[in-house]
Amino acid sequence: MTRAVDPEVSDAIWAAVEPLVPPPDDTHPLGCHNPRVPDEVCFRGLLIRLVTGSSWTDIEAFMGRVVSDTTLRARRDEWIAAGVFDRLCSQALAAFVRIIGLDLDVVALHGSIHKAPCGGDGTGKSPVDRGKLGWKWSVAAERRGIPIAWSIDGANRNDVALLGPTLDAVDAIGLGCHIGTLSLDRGYDSPAVRAGLAARGLTDLDIQHDPRLVLHRHGGLTAHQGSPSGQHQTMTCLKNLDTRQASPKCSPS
């Protein structure tokens with residue numbers, strides 16, 4: 001994945017991101033004595049974070065201190081609020097559909113818990129981490145592990161509670177009607193869940209007792225084949241970026 005930070009790759013990614021970045025707000029009545037760090041420099045810092053998972057302070061050092069860790073987090077938050085990453089996800093998915101195409105014959109849906117050491121709105125106490133604050137991420141991925149939709153809530157939320165919102169997100173981009181087989185782990189196996197899925201027209205279910213086998217039976221990459229599933233790789237990338245767990249009062253490493 002470090003190939004993504006090579007200039008020839010990162011420059012191409014930036015060319016796609018730059019039109020989505022809003023112009024800076026220069027209306028402060030007192031102006032500013034410090035010039036604004038260029039957006040491209042901040043983007044490269046975010047890309048390093050996304051790919052390597054390095055701490056913000058380490059990234060500041062890696063980049064020769066041309067941008068501070070505080071500025072990187074602030075620019076990230078600014079772009080989240082402006083919807084930059086949401087639009088980028090939509091464009092990336094549309095490009096993938098146009099160039100390669102999604103394989104929706106099998107869609108795997110799985111939840112995972114992630115730490116949120118600084119808390120924040122929407123976090124909850126993790127049942128698997130001594131009650132520390134965290135997030136529950138529910139991600140739907142096509143056969144090859146490409147994520148197509150997701151929903152997020154507090155870590156104390158059951159996976160089943162996020163099943164509906166995740167499928168709603170799939171429907172919102174017009175892909176729900178194209179799902180062939182829906183693969184789930186055994187935590188979703190109940191009469192109520194099956195009835196709810198049937199009401200959505202999802203009757204071809206493949207419920208596995210081992211979540212690592214959800215994509216394995218249908219040709220997806222899993223740990224059983226020496227590589228983590230694309231779904232888990234995506235979750236790792238999002239965790240590295242910390243798009244949901246930042247707090248202005250704390251600097252998570």
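The exercises below concern a predicted model.

**Exercise 1.** Determine how helix α2 is oriented relative to helix α4, and which residues form their contact.

Solution. Step 1: α2 covers residues 39-52 and α4 covers residues 69-81. Step 2: the two helices pack at an angle of about 95°, and their axes are 10 Å apart. Step 3: angles of 65 to 115 degrees count as roughly perpendicular, so α2 is roughly perpendicular to α4. Step 4: on the α2 side the contact consists of D39, C42, F43, G45 and L46, which meet T71, L72, R75, R76 and W79 of α4. Step 5: sorted by class, this contact has 5 nonpolar, 2 polar and 3 charged residues.

**Exercise 2.** Classify the geometry of the aromatic pair in the structure and locate its members.

Solution. Step 1: the structure holds 1 aromatic pair. Step 2: the ring centres of W14 and F43 lie 5.3 Å apart, and their planes stand at 40°. Step 3: planes under 30 degrees apart would count as stacked and over 60 as edge-to-face, so this pair is tilted. Step 4: W14 belongs to helix α1 (residues 7-17) and F43 to helix α2, so the pair ties together parts 29 residues apart in sequence.

Methods: Residues numbered from 1 in each chain as written. Predicted model: local features only at pLDDT ≥ 70, side-chain atom pairs only at ≥ 80, totals over all residues. Heavy atoms only, no water. Axes fitted to C-alpha atoms, helices over the stretch in contact; angles between N-to-C directions. Helix = DSSP H or I, 4+ residues; strand = E, 2+ residues; numbered from the N terminus. Parallel < 35°, antiparallel > 145°, perpendicular 65-115°, else oblique. Contact = heavy atoms within 4.5 Å. Nonpolar A, V, L, I, M, F, W, Y, C, P; charged D, E, K, R; others polar. Phe/Tyr/Trp six-rings, centres within 6.5 Å; stacked < 30°, edge-to-face > 60°.
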